[in-house]
Amino acid sequence: MSRIAAVSDKSLRGAVDILQSGGIVAIPTETSYGLAVDPFDQDAVERLYKIKQRSRTLPILVLVHGAQQLPQVVASIPDIYAPLIAHFWPGPLTLVFPAHAGIGAQLTGGTGTVGVRHSPNPVANRLIDLFGRPVTATSANLSGMVPAISAHQVEHVFGGLIDLVLDGGVTPGGKGSSLVGLRGAELCCLREGRIPFAQVQQILAASTK
């Protein structure tokens with residue numbers, strides 16, 4: 001069985017040790033629980049795909065602790081994203097960027113892009129801060145199933161397949177993050193989530209006035 005740990009300095013340091021050794025840690029986010037691994041560790045990413053039974057053609061998104069970490073995982077930051085980052089981060093808006101050369105095709109699903117967001121969840125942010133770099137945050141579920149919203153739900157689904165569950169209480173569940181990207185120079189909605197795309201467009205329009 002995997003371990004469920006209350007959030008503390010000790011458990012967070014233990015989670016960092018697990019990530020550094022290629023392990024998987026379940027963490028709360030502003031939507032559901034996510035599965036965190038080191039996105040630069042290809043073996044850890046492969047293990048993540050296996051336990052989720054996820055198609056290798058589907059990318060895995062990444063969490064950062066603020067826009068200052070973006071250069072670690074993205075090749076460039078489109079100017080059009082600046083007002084969206086300023087307005088919606090931290091929050092449930094995932095933006096799709098050209099992937100950094102250090103991010104393997106495995107994580108991007110061969111797309112050459114990576115989805116990134118800054119979660120407002122303090123547990124997720126503290127872990128990323130201690131780890132010193134971004135982590136994955138694909139939803140804690142078997143592919144196609146409803147994401148887990150509590151530590152015990154994560155344990156029920158994955159058991160000993162993951163190394164640690166940081167128990168940050170029950171998360172809201174429901175819709176996931178909104179997923180926004182670019183087609184050429186045009187902003188597009190790839191997945192409607194907690195933030196309506198119309199609201200994203202409004203913020204963008206206001207920034208150009």
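Trainee: Which residue in β11 stands opposite Leu 182?

Mentor: Leu 182 stands opposite Leu 187 in β11. Keep in mind that this is a predicted model.

Trainee: What do β10 and β11 form, and how many residues lie between them?

Mentor: They form a hairpin with two residues between the strands. Gly 184, in the turn, has a positive phi of about 65 degrees.

Trainee: In which sense do β5 and β10 pair, and over how many bridges?

Mentor: The sense is parallel, over three bridges. In this pairing Leu 95 stands opposite Val 180 in β10.

Trainee: Which order do the strands take in the six-strand sheet?

Mentor: The order is β7-β4-β6-β5-β10-β11, in an open sheet with mixed pairing. What makes β7 (135–136) and β11 the edge strands is that each pairs on one side only.

Trainee: And what is the order in the sheet of five strands?

Mentor: That open sheet runs β1-β9-β2-β3-β8, and its pairing is mixed. β1 (3–6) and β8 stand at the edges with a single partner strand each, so one side of each has no neighbour in the sheet.

Trainee: How do you know that β3 and β8 are paired?

Mentor: Two bridges join them, and they run antiparallel. Leu 35 stands opposite Thr 138 in β8.

Trainee: Which residues of helix α7 are buried?

Mentor: In α7 (residues 197–207), they are Phe 197, Val 200, Ile 203 and Leu 204. Their arc around the axis is only 120 degrees, which puts them on the same side of α7.

Trainee: Which elements do those buried residues pack against?

Mentor: They pack against α3 (82–88), β5, β10 (178–183) and β11 (186–191).

Trainee: Why is Ile 162 called buried?

Mentor: Buried means under 20% relative accessible area. Ile 162 has 2%, so the label applies. Ile 162 lies in the loop between α6 (151–158) and β9 (164–167). Ile 162 and Arg 3 are 159 residues apart in sequence, yet 8.5 Å apart in space, C-alpha to C-alpha.

Trainee: Is Ala 105 buried or exposed?

Mentor: Exposed means over 50%. The relative accessible area of Ala 105 is 54%, so Ala 105 is exposed. Its place is in helix α4 (residues 105–108). From Gln 42, Ala 105 is 63 residues away in sequence and 9.5 Å away in space, C-alpha to C-alpha.

Trainee: Why does Gln 53 count as exposed?

Mentor: Its relative accessibility is 59%, and the cut-off is over 50%. Gln 53 is in the loop between α2 (42–52) and β4 (62–63).

Trainee: What is the phi of Gln 53?

Mentor: Phi is positive, about 55 degrees, although Gln 53 is not a glycine. Most residues other than glycine have a negative phi.

Trainee: What kind of peptide bond joins Trp 89 and Pro 90?

Mentor: A cis bond, with omega about -5 degrees. Most peptide bonds are trans. Pro 90 is found in the loop between α3 and β5.

Trainee: How many residues line the largest pocket, and which lie nearest its centre?

Mentor: The lining has 33 residues, and nearest the centre are Arg 54, Leu 61, Ser 139, Ser 177 and Arg 191. Two or more lining residues come from each of β3 (33–36), β5 (93–98), β6 (113–117) and β8 (138–139). The largest share, four residues, is from β6.

Trainee: How much space lies in the largest pocket, and which classes of residue make up its lining?

Mentor: About 640 Å³ of space lies in that pocket. By class, the lining has 16 polar, 12 nonpolar and five charged residues.

Conventions: Residues are numbered from 1 along each chain as its sequence is written. This is a predicted model: local features need pLDDT of at least 70, side-chain atom pairs count only at pLDDT 80 or more; totals for chains, interfaces and linings use all residues. Side-chain values use heavy atoms; hydrogens and water are left out. On a 1 Å grid over the protein atoms alone, a cavity is a set of points where a 1.4 Å probe fits but cannot get out, and a pocket is an open set with protein on both sides within 12 Å along at least five of seven lines; lining residues have an atom within 4 Å of a point. Grid points are joined across faces, edges and corners, and a volume is the space filled by probe spheres set on the points. Ala, Val, Leu, Ile, Met, Phe, Trp, Tyr, Cys and Pro count as nonpolar, Asp, Glu, Lys and Arg as charged, and the others, Gly among them, as polar. Buried means under 20% relative accessible area, exposed over 50%, partly exposed in between (1.4 Å probe, protein chains only). The arc is that of the directions from the helix axis to the C-beta atoms. Contact means heavy atoms within 4.5 Å. Two strands pair if DSSP finds at least two bridges between them.
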